Protein chains: 2
Amino acid sequence: MIDCVAVVSGGIDSTTLLYYLVERKQRRPALLTFVYGQKHAREIEYARYHARRLGCGDHLLVDLSLLAPVFASSSLVSADLAVPDRDAASHEAQPSTYVPNRNLIFLTIAAAYAETRGATEVYYGAQRNDLAGYWDTTLDFVERTNALLRLNRVHHIQIRAPFVSLSKADVVRLGFELGVDYDKTWSCFQGDDRACGRCQPCVDRLAAFREMGLADPLPYQK
Amino acid sequence: MIDCVAVVSGGIDSTTLLYYLVERKQRRPALLTFVYGQKHAREIEYARYHARRLGCGDHLLVDLSLLAPVFASSSLVSADLAVPDRDAASHEAQPSTYVPNRNLIFLTIAAAYAETRGATEVYYGAQRNDLAGYWDTTLDFVERTNALLRLNRVHHIQIRAPFVSLSKADVVRLGFELGVDYDKTWSCFQGDDRACGRCQPCVDRLAAFREMGLADPLPYQK
């Protein structure tokens with residue numbers, strides 16, 4: 001029996017969230033992982049790996065690649081748009097890597113899945129460092145989504161983002177306590193074999209490990 | 001150039017909405033039609049027909065059939081659950097035909113598409129008679145969805161439901177004024193050649209035509 005739904009991508013935040021739920025909170029989540037034409041699809045294999053390692057056999061992969069025309073304005077999806085280095089992206093209200101409404105689409109599908117599975121909570125890994133560029137990782141976002149879902153007359157599903165006030169360094173600290181093997185997570189927005197070290201999530205990830213005085217176990221291009 | 005996005009299903013409400021937008025308001029919508037494993041997939045051909053008739057060449061079919069496991073609790077999707085006759089369905093807060101979060105999933109994808117296409121409005125065909133069983137066709141639902149979407153820092157997308165206060169009879173009246181050929185719309189939840197005349201949308205549809213003193217041009221089983 002599952003007792004909640006968790007959205008996991010294979011990145012640092014949602015992987016740590018998964019260990020937090022299973023190892024610390026003894027929850028039994030049904031897992032959802034979304035494919036949506038992202039260039040860094042390698043993270044999906046890592047999501048599968050951690051699900052297996054934690055004994056979460058209830059893992060559904062949802063392939064939304066056909067939404068590529070819907071997401072075509074994002075450099076994370078479109079083959080015609082290059083993913084920018086961090087310097088170009090970090091001063092924008094909405095960087096080109098922003099995928100329109102991505103989190104809300106994932107969460108509304110996850111909430112539907114929770115209804116179908118008889119669960120009442122949906123967990124996702126939003127953390128504080130993402131607030132800079134993205135409107136769909138904030139506490140406001142979670143609260144307004146929950147205000148909307150409360151209109152459901154029968155099934156009361158709540159979105160939970162337990163890391164929403166944590167920095168990425170806080171998340172990594174927690175993950176080390178919980179035994180997360182971070183060489184099996186992926187953050188880089190580029191699709192290359194080694195992480196680029198220059199895009200926004202690479203820069204954030206490296207800074208989080210540095211702040212913790214730890215080495216990032218991932219291979220980088222330089 | 002399109003100037004808004006409209007979600008059309010081939011049913012009475014969204015078909016009338018399409019004629020209202022194009023013929024009365026001279027709008028140029030990009031159309032979205034969703035396939036999601038519904039038993040009454042015939043309506044999709046009707047959605048295509050009306051798009052062609054009105055010269056709306058910008059029509060994207062989004063096939064979400066792979067969400068069947070997410071929607072499996074609905075008798076509209078699951079092969080294991082029978083669609084109930086109206087008598088069984090009409091006294092429930094949420095009939096078995098309710099598809100978890102369906103409208104919100106469609107609208108959040110449509111809002112993403114509007115962002116990508118540079119439009120600011122998404123139209124859908126919610127009308128008053130659907131309020132009985134469904135929480136996702138109400139004015140409250142539209143307002144809270146818009147409150148959520150307002151958090152987007154760059155793109156301000158609004159959901160519009162111009163028929164939300166109209167009865168189904170009002171919608172049919174408007175459609176007759178606008179020349180909608182209702183023999184090319186489909187409401188029945190069953191997948192048969194002729195409409196069953198007994199499920200909730202059949203009963204509502206027949207009542208709407210009767211209230212208008214008009215004959216429904218669709219073939220029925222009896």
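User: What is the bridge partner of Val7(A) in β2(A)?
Analyst: Leu32(A) is the partner that Val7(A) meets in β2(A). This is a predicted model, and the pairing is read from its coordinates.

User: What makes β1(A) and β2(A) a pair?
Analyst: Count the bridges. A pair needs at least two bridges between the strands. β1(A) and β2(A) have four, in the parallel sense.

User: What makes β1 and β4 of chain A a pair?
Analyst: Two bridges join β1 (residues 4-7) to β4 (residues 121-123) in chain A. The rule asks for at least two, so this counts as a pair. The two strands run parallel. In one of these bridges, Ala6(A) has Tyr123(A) of β4(A) as its partner.

User: In what order do the strands of the chain A sheet stand?
Analyst: The order is β3-β2-β1-β4-β5 in an open sheet of five strands, with parallel pairing. β3 (59-63) and β5 (158-160) of chain A are the edge strands: each has a single partner, so one side of each lacks a neighbour in the sheet. On average, neighbouring strands of this sheet are turned by 25 degrees against each other, direction ignored.

User: Which strands does helix α2 of chain A touch?
Analyst: Helix α2 (residues 42-53) of chain A packs on the sheet and touches β2 (29-35) and β3 of that chain. The direction of α2 makes about 170 degrees with that of β2(A).

User: Why is β2(A) described as largely enclosed?
Analyst: A residue is buried if 20 or more other C-beta atoms lie within 10 Å of its own. Six of the seven residues of β2(A) are buried, so the rest of the structure largely encloses this strand.

User: Is Lys39(A) buried, exposed or partly exposed, and how do you know?
Analyst: Lys39(A) has 18 C-beta neighbours inside 10 Å. Buried needs 20 or more, and exposed means 12 or fewer. The count falls in between, so Lys39(A) is partly exposed.

User: Where does Lys39(A) lie, and what does it touch?
Analyst: Lys39(A) sits in the loop between β2 and α2 of chain A. Leaving out residues up to four places away in sequence, Lys39(A) touches Leu76(A), Val83(A), Phe189(A), Gln190(A) and Gly191(A). The C-alpha atoms of Lys39(A) and Ser78(A) are 8.6 Å apart, though the two residues are 39 residues apart along the chain.

User: Why does the radius of gyration of chain A agree with a compact globule?
Analyst: A compact globule of 222 residues would have a radius of gyration near 17 Å. Chain A has 17 Å, so the two agree. The C-alpha trace of chain A spans about 50 × 40 × 30 Å along its principal axes. Of the 222 residues, 51% count as buried.

User: What share of the contacts in chain A join residues at least 24 apart?
Analyst: The share is 73%, among contacts between residues at least 6 apart in sequence. Chain A has seven helices and five strands. Along the sequence they follow the pattern β-α-β-α-β-α-α-β-α-β-α-α.

User: What makes β4 and β5 of chain B a pair?
Analyst: Three bridges join β4 (residues 121-123) to β5 in chain B. The rule needs at least two, so they pair. The two strands run parallel. Glu121(B) stands opposite Gln158(B) in β5(B). Helix α1 (residues 12-24) of chain B packs on the sheet, touching β1 (4-7), β2 (29-35) and β4 of chain B. Its direction makes about 155 degrees with that of β1(B).

User: How do you know how confident the predictor is in chain A?
Analyst: The mean pLDDT of chain A is 91. That is on a scale from 0 to 100. In chain A, 95% of the residues reach 70 or more. The model scores ipTM 0.91 and pTM 0.93. Where pLDDT is low, predicted coordinates should not be read in detail.

Methods: Residues are numbered from 1 along each chain as its sequence is written. Chains are lettered from A and ligands numbered from 1 in the order in which they are written. This is a predicted model: local features need pLDDT of at least 70, side-chain atom pairs count only at pLDDT 80 or more; totals for chains, interfaces and linings use all residues. Axes are lines fitted to C-alpha atoms, for helices over the stretch in contact, and angles run from 0 to 180 degrees between N-to-C directions. Two residues are in contact if their C-beta atoms, placed from the backbone, lie within 7 Å. The radius of gyration is taken over C-alpha atoms; the globule rule is 2.2 Å times the number of residues to the power 0.38.
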